[in-house]
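I opened a new notebook page for this structure.

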Amino acid sequence: KHRHQYNQFLFQSTTMTPTCMIPGDQIAVKALPGNQICADCGEAHPTWCSVSFGILLCLECSGKHRGLGVHVSFVRSLDMDSFTDKQV
C-alpha cells in the first residue's frame, strides 16, 4: 500500500515539486549529444549531473563538483535524486 502511494506521489508532480527522474526522462537526458561521456574527464556512461552547468558527470567528477559547493555546482544523481521539472 505504501509503495503504491509513493508511486502516485511521484507522478503527481508540479513544476515546483521535486520527483525522482522517471526512466523516460533519464533516457532522454542521456541521449542528448555529448551526454554519453562525463563532461569533465570523458568517462563513459555518467550518472550524475551538475544542474548549475547542465552537464553530466561521472561519480569521481561529481565528488569534485560537490567540493566546490552548491553555490557553484549543484550536483544530483540521475538515478537516486529528485528533480523539479525546471531542473530537468
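Before reading the sheet, I noted the rule for pairing: two strands pair if DSSP finds at least two bridges between them. I also noted that this is a predicted model.

**Entry: the sheet.** I looked up the strand order. Three strands make an open sheet, ordered β3-β2-β4, with antiparallel pairing. I then checked the edges. β3 (55-57) and β4 (75-77) each have a single partner strand, so one side of each has no neighbour in the sheet. From one strand to the next, the twist averages 35°.

**Entry: β2 and β4.** I followed this pair further. Strand β2 (residues 48-50) runs antiparallel to β4, and three bridges join them. I found S50 opposite V75 in β4.

**Entry: helix α3.** Where does α3 lie? I found α3 across β2, β3 and β4, running at about 115° to β3.

**Entry: charges.** How many salt bridges does the structure hold? I found one. The side chains of E60 and K64 meet in it, at 3.7 Å, N to O. Both residues sit in helix α3, four residues apart, or about one turn of the helix. E60 is exposed, with a relative accessible area of 56%. K64 is exposed as well, at 53%.

**Entry: a surface patch.** Which residues form a nonpolar patch on the surface? I noted F53, L68 and V72, with about 260 Å² of accessible area together. L68 belongs to helix α3 (residues 59-68). I recorded L68 as partly exposed, with a relative accessible area of 43%. Patch residues need over 30%, so L68 passes that cut-off with its 43%.

Methods
Residues numbered from 1 in each chain as written. Predicted model: local features only at pLDDT ≥ 70, side-chain atom pairs only at ≥ 80, totals over all residues. Heavy atoms only, no water. Patch = residues over 30% accessible without salt bridge, like charges linked within 9 Å, V, L, I, M, F, W, Y side chains within 5 Å. Areas by Shrake-Rupley, 256 points an atom, 1.4 Å probe, with all protein chains shown as cover. Salt bridge = Lys/Arg side-chain N within 4 Å of Asp/Glu carboxyl O. Helix = DSSP H or I, 4+ residues; strand = E, 2+ residues; numbered from the N terminus. Buried < 20%, exposed > 50% of the residue type's maximum accessible area, 1.4 Å probe, protein only. Axes fitted to C-alpha atoms, helices over the stretch in contact; angles between N-to-C directions. Contact = heavy atoms within 4.5 Å.
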